[in-house]
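Have the structure open as you go.

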Amino acid sequence: MNNLLMIIVMFAAVLALGYAALNFFLVRKLKEGNERMQKIAAAIREGANAFIRYEYKIVAIIGIAIAAILAIVISWETGIAFVLGALMSSAAGFIGMKIATYANVRVANTANETRKTGKTLKVAFRGGSVMGLCVAGFALAGILIVYLCFGLWEGMLDVTASGGVMTKINPVTKQPYSLSLILSGYALGCSIIAMFNRVGGGIYTKAADMGADLVGKTEAHIPEDDPRNPATIADNVGDNVGDVAGLGADLLESFVGAIASTAILAIEIFSHQAGFNSAAIYQKLVAFPILFAAIGLLGCIIGISYPLIKPKLSENPHRELNLATWISAGFAVILGFVLCFLLFRGEDSDQLFHAGFRAGAVTPWIGAAIGIVAGILIGMISEYYTSYDFKPTKGISNASKEGSALTITQGMATGMISCMLPVVCLGAAIFACYSVGGMYGVGCGAMGMLSFVAATVSVDTYGPISDNAGGIAEMSGLDEEVRGITDKLDSVGNTTAAIGKGFAIGSAALATMSMMSGYLYSFMDDLLLNIISREVLVGAILGAALPFLFSGMLINAVAKAARQMVEEVRRQFNEIPGILEGTADPDYKRCITISSQGALKQMILPAVVAIAFPVVCGFLFGAYFVGGLLIGATLSAIMLAIYSGNAGGAWDNAKKYIEAGGVEGHGKGTPAHDAAVVGDTVGDPLKDTVGPSLDILIKIMSTVSLVCVVVFNEFNLLSLISG
């Protein structure tokens, strides 16, 4: 079985990374267009490279410090796994950002040369597929290394003579640790990079976007991405560092979190579940999420290949992208069933029952299938509330005729209403998964939801590539037909991004529950947490407030950086004669510098709060308090993330609906359009900074708590005072 694991997972990871490399070079071979297009693309590339280098330097310093602490306080293996996770996440984000900065100009040139939506879509999706394949490939490669090095070769997957999980003792703290803490270290490394990429990139892109929109569109009444706007290059750079590098690191962390939390739960179930003592089934339970992820990745490679190999794509990009996603999900379901049946068939039914299986050998597959269905439903609901093909977003567009106040009010209402149905789906999925397979079934549900993450990220990344292509087309002076093609692709990208965020928060909720179960098992023999005990109740109340504090800090950070950008754009319009007449060039580099400095300065505090808050609370008030903290934060963050993503997406597409002529008599440059731009600007930090960061918040809190509970459960101020 171990040889089978190594072969399947290694094959899937190598195939995915090889396919990503092929697509990278195929994109690079395409023409960049005229000299003006090449110059603009080079400026975007230079700005993105500079920002990511500075960001990674800061993250490296913080990461080295955290790795050293983990190595001393937890175990040297946990420290190494943390570094490995950080490296894998960084690599995926960096490569994805690089291909996006190469693909954007080639998409614009393809649209200009062919005037075909289908051919342009193929180039954009090929660029996006590099990110998707790297996310799943690097994540899987890293977790395989951890599994082989520490689980098999170091023997931490072995069972002791007394029938327990193999543990080692930390020489400094004298506390025991098992493979679950090493897997947590790997997940934490991925989470740290995701947090900084999402927060830093989100602040950067939204500061530039808001500055460009508020002054350029609503005050100067010049088109989006007009070369006369000093913030346009910074805005396009932001798409790459926030919506590409940040997105990739975010969903890689989600993918790893789902795999690790399910494997960790298997370890803890074997340690604590009475009557479950089969070493063979235990090792298969740990291996299953890694194997299922590999099977899902193979399905994604087939799904991603569909639009790339198909000779002629239709002029309906939404349908083609949906087909790629559904093919990936379909193969994940079919191959997952075969895997589950072959892995668990013939095992002792009593042992499977004690492990939580209520449907025999295919129990984990049923949990994963439930997760897939729930993810698709949540995505469809997100599409309904954010696409301008449906009533909610059209309602916001029509409200814009009455001014910006009603635009904002209608968007807020839409976002709030949109929370109910996804949560109903999520609740039903949790109930069904738990009924079939206990908490391990819930973990499998998270795995299912992210089993086709490579396809999801490919579709998501295609969006900002298309957005950048539109910007390059506008700044290069290409005709309206070219911009019409890129705008059509970009509009679909906004909807697919909202769907991807729905998947991310849904899987985060399921993975966090699994991780929290592992956390509770670390200091108790069952999963009973008394919510009305003083520590748990106060912790839950404080935890519910934390996502609002975190979100407020992020919005403030965006506002501070955006304020500087607005002032700079106004200054250039006032002090540099000829910009608005097109006879003088704006100072693009100054705006890039403002966004970079603002993002790098403002990203540290929110990220540190997310990491330090559960640790400080643990050492002050103990493990039960942190248990309540995790419950409160998770419930609050789910609602706030869904609201932020859907409201922001609806505001954005309401603006695009007006620009596309959807509201008769109210096109670009009209008061209704100005109001819609204001609504879009309000939604920008919500959908691209707050919403995506909240799912990372709850996972990073759970992971940090699981890693540190072995220490603060024994050493905390409350237990010291109470004697």
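**Notes on salt bridges and the main pocket**

1. Glutamate 568 has a relative accessible area of 7%, so it counts as buried. Keep in mind that this is a predicted model. The partner of glutamate 568 is arginine 571, and their side chains form a salt bridge with N and O 2.7 Å apart. Arginine 571 is partly exposed, at 30% relative accessibility. Both sit in helix 16 (residues 534-575), 3 residues apart, which means about one helical turn lies between them.

2. Arginine 534 and glutamate 535 also pair up, with 3.2 Å from N to O. Here arginine 534 is exposed at 58% relative accessibility, while glutamate 535 is partly exposed at 21%.

3. What about glutamate 474 and arginine 483: buried or exposed? Both are buried, and they form a salt bridge whose closest N and O atoms are 3.2 Å apart.

4. Have a look at the network of salt bridges that links Asp652, Lys655, Lys656, Asp680, Asp684, Lys687 and Asp688. The count of salt bridges comes to 21.

5. Now the largest pocket, which holds about 730 Å³ of space. Its lining has 32 residues, and Tyr434, Met439, Met513, Ser517 and Leu527 are the ones nearest the centre. By type, the lining splits into 20 nonpolar, 9 polar and 3 charged residues.

6. Which helix gives the largest share of that lining? Helix 13 does, with 9 residues. Helices supplying at least two residues each include helix 6 (232-272), helix 9 (349-354), helix 15 (480-521) and helix 19 (623-659).

Technical notes. Residues are numbered from 1 along each chain as its sequence is written. This is a predicted model: local features need pLDDT of at least 70, side-chain atom pairs count only at pLDDT 80 or more; totals for chains, interfaces and linings use all residues. Side-chain values use heavy atoms; hydrogens and water are left out. On a 1 Å grid over the protein atoms alone, a cavity is a set of points where a 1.4 Å probe fits but cannot get out, and a pocket is an open set with protein on both sides within 12 Å along at least five of seven lines; lining residues have an atom within 4 Å of a point. Grid points are joined across faces, edges and corners, and a volume is the space filled by probe spheres set on the points. Helices (H or I, at least four residues) and strands (E, at least two) are DSSP runs, numbered from the N terminus. Ala, Val, Leu, Ile, Met, Phe, Trp, Tyr, Cys and Pro count as nonpolar, Asp, Glu, Lys and Arg as charged, and the others, Gly among them, as polar. A salt bridge is a side-chain nitrogen of Lys or Arg within 4 Å of a carboxyl oxygen of Asp or Glu. Buried means under 20% relative accessible area, exposed over 50%, partly exposed in between (1.4 Å probe, protein chains only).
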